[in-house]
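I went through this structure one region at a time and kept short notes. The entries cover sheets, helices and nonpolar cores.

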Amino acid sequence: MPTEEIRVCGTVQGVGFRPTVYRLAKACGLRGDVCNDGEGVLIRVFGSEEAITEFVARLQTECPPLARINQLTRIISESELKFDNFVISTSVSNAIKTEITPDAATCLQCQQEIFDPFSRFFRYPFTNCTHCGPRLSIIRAIPYDRCNTSMSAFVVCSECGKEYHDVENRRFHAQPVACHVCGPAAWLERADGKSVTASMFSMLDDVDAVCTLLQKGEIVAIKGLGGIHLACDATQETVVEKLRQRKKRYHKPFALMARNIEIIEQYCIVNAKEKELLTSSAAPIVLLQASDKKQLALSVALGQNTLGFMLPYTPLHHLILRRMNCPIVLTSGNLADEPQCIDNDEARKKLGTIADYFLFHNREIINRVDDSVVRVVADEVQTIRRARGYAPASISLPSGFQNVPPILAMGSELKNTFCLLREGKAILSQHLGDLENAAAFNAYQENLNLYLNLFEHQPEIIAIDKHPEYLSSKLGKEIADTNQIKVYPVQHHHAHIAACMAENEIPLDSPPVLGIALDGLGYGDDGTFWGGEFLLADYQKFKRLATFKSVAMIGGEQAIYQPWRNTYAHLLAANLWDDCEEKYSDLEIFKFLKNKPLKLINQLIDKGINSPPASSVGRLFDAVAGAIGIYRDECSYEGQAAIAMEAIVDVNSLNNDKESLIYPFSFSFSDSIYCIDPRPMWQALLDDLQQQIPQPVIAAKFHKGLANAIVEMVKHLSQQNLINQVALTGGVFQNCILLEQVSKRLETLGIKVLTHSLVPANDGGLSLGQAVIAAAQLIHES
């Protein structure tokens, strides 16, 4: 009878894979063993060929819920195994090629146990099994064994030990297994340092007391899975506004958590796909359409028509919300723009003036992991922020990338992620935030070192953004210089397009696609800022075919946060300012702009001082929003005005095909490139303002006009360049209305549309694009 070695690669550690192998091997009458190692799982079996074939087939169909088999290979061994039975052997340390499992939401069985008075896990806030619980957030090294996690500080008790070694138990070899007797513990503290007495609440325990505190209008900092959150009752306006002021997060919408789907449905419209996402093991924040049934505190999501909801994803959350019949705010425990706190002492120091109480625990968070954010557009999942529940699961690359040497891509300045690429797989880090914040940049460097060590990744190539001042690019150059390896600078929008191609499995040797990259800005090959680009691109190179008209960003970065600057710049660029003085002097926007130091601003533009030209569609959105009075004076975060304008779009106007409800754009050709000029749109918009057309109708006409202009340009370019695939990418395409309008019209023309799902369309997906472009260029050179 044959002896076989079966190598399984993928997400196969810490997910109950070895117990499943054990059970199936026994059922098929096989002898041998199974162990974890750096490459994944190694199985050695002795038995009949029929039994081994049945075993392999069942292994793939009866895979554990959190496991993912990327590759399974079978090799006949000449040596006969000396096993009388089938056993689970000790893990082997060798070269790391396996994957780390994302943190997973509490499974139904564990949920039942924490609410069962007869279970030894009753009300235990750290209950888990092989189907759920902490993974990335607690791991220090591979293989995923308890000694390589923050659970190594807790010695397993006899009862947990029995379950850990019982092959019939779902906690068989569950590394974070723990209970009241031997595991981590949670406790409540007052932020003012005074003692918390049981008589204050008369609750079951400190975790249960948090619910009472929230109901009383207190702000509680809660240490969770991958970080510390700030929580309050989302229906109490006073406490929500207090949280905003203390946290210095004045406008960005807050994330919400509710006990169950039924509570969420009191405030939002939830379809089947959204329910599936909410209840998945990833348990992300899902952006949902707000309904008119019940209202939350006004300050929860200012200027939004969507709410970001998630369900409890740890036993701690389930226990806190057991008696909570309304949603709670659950936002990152940090000051605005800083990384989320993960350490108890750090939280006491930084959050002591924000929270009234702390709920801490003594399990160390090794890796900071923010909550993921997704939404459903046209029944397709769109990832806004890829973190908890998804990272660091690998992304399989298209054919042609299998034999690429290790590459490290450094990502962007904002919404940063980095990417490790090797052997046809891309490992994208969790969302790391905006590197312009010093604390975020420090956290970025810490996570980068952690990943390189965890995966024993020794890059032979570094890929960076071409922007010379990005901190990620500077660090990439330093790493390359230190290790004497080559750097590949990658153009920002080419990286956006390549990321979209890669996740849509476009092979390396495919003909170019037409990539439409619309965003705030990126450093262009001509030294100017781009942000509205039509690029004929493959993985190796691109050609810029068309763009939006460049307009000055008055004050540079200030233009991102003061939409009126973009409005004025666009009116100047369209040669309409004189018309404003003659025809539109009664308009509110004209009166507003006249009070600004226009003489000085004009001099800055004329002399090119801190007013770089940019073809940014993101700034075009800001300009229109400013013109119609949406966050005209100031925004507290990039895209706030554009998001608010999308939220007010009049649906009836949007669905009306009358040409009068579509703003016109013009097209020109010079210097071998086509240009979309918004001048006609501005003329029509000013006329509408003069006729007092409502904001929602103007917003609808702008969205439709912009979509129409994009499609008309595609029609023209596709005839000249034999294009049949278009990739829509960049942060602007997170606008659902624009994405749907453009996609539907292109599909009607018979053009295949590529969009993002696995990685964000924004800069959070940029590192994937950088990595595959560097790989393609390396292959071409060799």
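**Entry 1**

I started with an open sheet of 5 strands, ordered β4-β1-β3-β2-β5, in which the pairing is mixed. Its edge strands are β4 (68-77) and β5 (86-88), each of which pairs on one side only. I note here that the model is predicted.

Strand β1 (residues 3-11) runs antiparallel to strand β3 (residues 40-46), and the two share 6 bridges. Isoleucine 6 has isoleucine 43 of β3 as its bridge partner.

I then looked for helices on this sheet. Helix α1 (residues 17-27) lies across β1, β2 (31-37), β3, β4 and β5, at about 175° to β5. Helix α2 (residues 49-61) lies across β1, β3 and β4, and I read its angle to β4 as about 170°.

**Entry 2: the six-stranded sheet**

I found an open sheet of 6 strands, again with mixed pairing, in the order β17-β20-β19-β18-β21-β22. The edges are β17 (395-396) and β22 (486-490); each has a single partner strand, so one side of each is left without a neighbour in the sheet. β17 pairs with strand β20 (residues 425-428) in the antiparallel sense over 2 bridges. Within that pairing, serine 396 is bridged to lysine 425 of β20. Helix α12 (residues 471-483) lies across β18 (407-409), β21 (461-465) and β22, running at about 160° to β21.

**Entry 3: a helix crossing**

At what angle do α13 and α25 pack? I read about 90° between helix α13 (residues 492-503) and helix α25 (residues 766-781), with their axes 7 Å apart. That makes α13 roughly perpendicular to α25, because angles of 65 to 115 degrees count as such. The contact residues of α13 with α25 divide into 8 nonpolar, 5 polar and no charged. On the α13 side I listed His492, His494, Ala495, His496, Ala498, Ala499 and Ala502; they meet Leu766, Leu768, Gly769, Gln770, Val772 and Ile773 in α25.

**Entry 4: nonpolar cores**

The largest nonpolar core has 76 residues, and those with the most contacts inside it are Phe534, Trp682, Leu685, Phe702, Leu706 and Leu738. Helix α23 (residues 695-721) gives the largest share of this core, 12 residues. I followed phenylalanine 702: leaving out residues up to four places away in sequence, it touches Leu620, Phe621, Val624, Met645, Tyr663, Phe665 and Met681. I also noted a second, separate core of 70 residues, including Val240, Ala258, Leu296 and Val300.

How values were computed
Residues numbered from 1 in each chain as written. Predicted model: local features only at pLDDT ≥ 70, side-chain atom pairs only at ≥ 80, totals over all residues. Heavy atoms only, no water. Pairing = 2+ DSSP bridges. Helix = DSSP H or I, 4+ residues; strand = E, 2+ residues; numbered from the N terminus. Contact = heavy atoms within 4.5 Å. Axes fitted to C-alpha atoms, helices over the stretch in contact; angles between N-to-C directions. Parallel < 35°, antiparallel > 145°, perpendicular 65-115°, else oblique. Nonpolar A, V, L, I, M, F, W, Y, C, P; charged D, E, K, R; others polar. Core = buried A, V, L, I, M, F, W, Y, C linked by side-chain atoms within 4.5 Å. Buried < 20%, exposed > 50% of the residue type's maximum accessible area, 1.4 Å probe, protein only.
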